[in-house]
Amino acid sequence: MIHIEISNSPKDLLADVIAWDRLAGGIPFRQTVWLRSWWQQFGDAERAFFMVARDESGDCRGLLPLERTEGDFRRLQTLAAGNVCTDHVSILTRPEDREEIAIAFAKHLIECSSDRTHGWDQIDFDGTIAGDSAMEIFARCLEDQEVPTSIRSRMHLWFNRCEATWEDLLATRSRKYRNRVRGLLRKLDESDGELFVRDAAAPEEVHMGLLKLIELHQKRWQDAGEPGTYADDRMIRFVTDATLEMSDRGRLVLPQLIYRDEVIATELHFIGDDRRQYCYSTGVNHAYPDLKPGIMLNSHMFREAHRLGRAGIDYMRGDETYKGRLHSRPIPLLEISVFAKHARGQVRMAQDRATQLLKVQWRRVKDLPQDQPLTIEEAFAEEHRSFLPDQTPLPSSTLRHEVSATLPIRTVEPEILFDADEETSEPPMIYSMSDYRRSDAHSHEPEPSN
């Protein structure tokens with residue numbers, strides 16, 4: 001029999017790495033390496049609302065880490081939401097327990113909504129991926145109990161799947177595509193040491209590499225009049241801590257494209273248990289448009305993903321046009337809001353609907369993407385599931401990444417779709433993350449896309 005509790009000791013839960021991570025399905029953004037690092041910088045124990053499912057032996061069988069919104073304790077949200085852009089948000093449990101735990105959490109939330117201590121009016125899930133099985137079970141249970149739930153999407157997560165071999169991938173692409181990417185990588189391969197890719201390995205290299213990525217990332221968005229993802233020092237400390245721990249675990253890839261001893265492009269990738277690479281952040285020096293550094297590094301990374309037997313590269317949220325040129329698969333990113341059945345919850349729902357109407361008008365004026373309301377059937381359609389991470393963890397011995405700072409650079413392209421007359425120095429963006437978030441009533445600092 002499953003017992004649900006609301007924990008007031010989040011540090012203790014996050015410190016138990018084995019118990020927590022065995023429920024995370026191997027996805028880095030659900031694991032302690034990410035959430036504990038975030039909690040150390042942004043967490044507030046008074047706002048913690050960590051739901052824990054335990055069996056009769058007291059063993060943890062499921063987790064749903066939530067927190068009360070700052071300044072609004074009747075509103076709950078998922079951990080590390082907002083500017084942090086934590087994707088793949090879900091209920092944490094093993095596949096064999098998924099249905100039991102998801103239903104237990106839903107029913108407990110319904111029961112405690114009017115509780116003096118654990119009551120709530122609204123719950124916001126930010127970063128759930130369409131097709132997520134646990135969240136579908138959770139949402140359907142709420143629907144069965146007539147709990148009002150809103151599901152919306154206005155951007156996508158993008159996944160670029162590896163084929164069995166690189167040649168298999170090339171066979172699916174046009175001649176124009178093959179020639180263009182091979183030309184870029186030939187320039188890289190035959191540069192005689194002037195142009196090359198190195199991967200940060202030692203802790204000092206990782207730390208310095210991350211600082212350079214942040215510098216380039218911030219310059220890109222500050223030049224555009226945006227504060228940038230890393231404007232908050234706590235964000236820098238959080239990502240630095242998580243990145244260093246990922247490196248210790250052998251789950252980090254931090255490549256740098258070097259030209260004449262200068263870093264002109266860099267990317268931050270975390271490796272999941274299913275060998276999927278998650279590209280969380282990038283930085284490009286736009287002073288070298290002829291080299292197309294962003295495209296070149298993307299090409300190298302997808303080539304290396306094939307060489308190392310990765311499942312693919314997850315480019316995460318944001319509808320930048322380069323992700324489409326990579327032939328990545330777009331999967332809707334869901335925003336799910338749940339409203340309690342009591343009077344305060346119904347008031348919240350009315351307020352939310354009014355806010356959404358204002359957003360429609362504002363985004364129409366600004367020519368920004370609109371929220372798309374989805375039914376449960378649309379949000380969790382079977383077609384999305386084959387592109388979600390494999391939830392079966394691999395043995396830890398298989399997880400050490402093999403990228404070397406001295407690896408030869410072979411001609412391997414990412415899934416970039418080039419037009420014949422396309423000569424842009426960098427993949428243009430459709431919208432920045434600030435475009436998506438700046439009008440939210442509960443928005444955090446505007447963030448450009450990852």
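The model is predicted, with local features needing pLDDT of at least 70 and side-chain atom pairs pLDDT 80 or more, while totals for chains, interfaces and linings use all residues. Residues are numbered from 1 along each chain as its sequence is written, and side-chain values use heavy atoms, without hydrogens and water.

Biologist: How are α4 and α5 oriented to each other?

Modeller: Helices here are DSSP runs (H or I, at least four residues), numbered from the N terminus. Helix α4 spans residues 98-112 and helix α5 residues 133-144; their axes lie 8 Å apart at about 40 degrees. Axes are lines fitted to C-alpha atoms over the stretch in contact, and angles run from 0 to 180 degrees between N-to-C directions. Under 35 degrees is roughly parallel, over 145 roughly antiparallel, 65 to 115 roughly perpendicular and the rest oblique, so α4 and α5 are oblique.

Biologist: Which residues of α5 make the contact with α4?

Modeller: Contact means heavy atoms within 4.5 Å. From α4 come R98, E99, A102, I103, F105, A106, K107, L109 and I110. Their partners on α5 are S133, A134, I137, F138, C141 and L142.

Biologist: What is the orientation of α8 to α9?

Modeller: Helix α8 covers residues 203-223, helix α9 residues 233-248. Their axes are 10 Å apart, at an angle of about 140 degrees. That angle therefore makes α8 oblique to α9.

Biologist: Which residues of α8 touch α9?

Modeller: α9 contributes I236, V239, T240, T243, L244 and S247. On α8 the contact is made by P203, V206, H207, L210 and I214.

Definitions and conventions. Helix = DSSP H or I, 4+ residues; strand = E, 2+ residues; numbered from the N terminus.
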